[in-house]
Amino acid sequence: MIREFEYEKLHNEFVNAKPFSHCIIDNFFDEDIALQLSNEFPDYNDPNIWAVYDNPIENKKLTPSWGLFPKVTYQMFTLMNTPSFVEKIKCITGIKDLVADYGMHGGGWHMHTRGGKLNMHKDYSIHPKLGMERRINIIIYMTPDWQEEWGGGLELWSHDEEKNLPKECVAKVYNKFNRAILFDTASNSWHGLPNEILCPEGVYRKSLAIYYISPVRESAEPHDRAYFAPSSEQVNDPEVLELIRKRSNTKTSKDLFRKI
């Protein structure tokens, strides 16, 4: 159901990648499974499914709710949380104390419509419920026949140490159906979709997201919410800067998403 990995090749790709460790796995699922997973995504406008972020730094919908996942999606997320699968991720990354986040906090189904975006950001470092460190993300693109000119490729940016901001785009992972990107999310790992997606109305950028965690290292950044950066057009906008402040704060971030 999930392809057999070439561990040595992926490990070498992962540890040598820039601007931070990552690797790309095409044809992640067997093709028939991938198509079933894509078809199981719910309606983008279903009022009973989504947490909605719609503001100047992010426009997306998501849900990590196990009870909403149909059969194949439930099975695949279950498989990716098993100890045997986590062992495979350990082999690729070299991180020996990884465990699954069974609650998939912030993971699950993600969808963007035309105009969707996600400013460059660093993910939360400390899990707000488990107190463990988020270390590895896997994102799997789930829209068949996506066209490159629509955008939607995940951008990976270098880190400006002095400003604690993203510096420049070093890699872009194009939104190819059934492609997975596995990356270290704990090394000033700026990533996002900074440009609005240009897919036609009625076509959606669909992805699956799952995360892996470990005991907290001394070097871990002490934040339990994502930290966003303003775009070049937003750097002097006080409303956007205040929005970013609220988004990165545990108490105020809850005010920035809604159910439909």
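Predicted model: local features only at pLDDT ≥ 70, side-chain atom pairs only at ≥ 80, totals over all residues.
1. The cores. The largest nonpolar core of the model holds 41 residues, and those with the most contacts inside it are F28, F29, M80, I138 and Y212. Leaving aside residues up to four places away in sequence, I138 touches M80, F85, I89, A180, I181, L182, L208, A209, I210 and Y212. Apart from this core lies another, of 24 residues, which includes Y141, W146, L154 and A226. As a general background, nonpolar side chains tend to be buried together in soluble globular proteins.

2. The buried side of α5. Helix α5 spans residues 238–247, and its buried residues are V240, L243, I244 and R247. Because these residues cover an arc of only 100° around the axis, they fall on the same side of α5. Among the elements that cover them are the strands β2 (51–55), β3 (58–63) and β13 (227–228), together with helix α6 (250–253). At the start of α5, a side-chain oxygen of D237 comes to within 2.9 Å of the backbone nitrogen of E239.

3. The link between β3 and α5. The side chains of E58 and R247 meet in a salt bridge with an N to O distance of 2.5 Å. Since E58 belongs to strand β3 and R247 to helix α5, the pair ties together parts that are 189 residues apart in sequence.

4. A pair within α4. K90 forms a salt bridge with E87, and their closest N and O atoms lie 3.0 Å apart. The two residues are three apart in helix α4 (residues 83–93), so about one helical turn separates K90 from E87. K90 is buried, with a relative accessible area of 14%, whereas E87 counts as partly exposed at 41% relative accessibility.

5. In general terms, side chains of opposite charge can pair when their charged atoms come close.

Conventions: Residues numbered from 1 in each chain as written. Heavy atoms only, no water. Core = buried A, V, L, I, M, F, W, Y, C linked by side-chain atoms within 4.5 Å. Buried < 20%, exposed > 50% of the residue type's maximum accessible area, 1.4 Å probe, protein only. Contact = heavy atoms within 4.5 Å. Helix = DSSP H or I, 4+ residues; strand = E, 2+ residues; numbered from the N terminus. Arc of directions from axis to C-beta. Polar contact = N/O pair within 3.5 Å; in protein donor to acceptor, adjacent residues only side chain to side chain. Salt bridge = Lys/Arg side-chain N within 4 Å of Asp/Glu carboxyl O.
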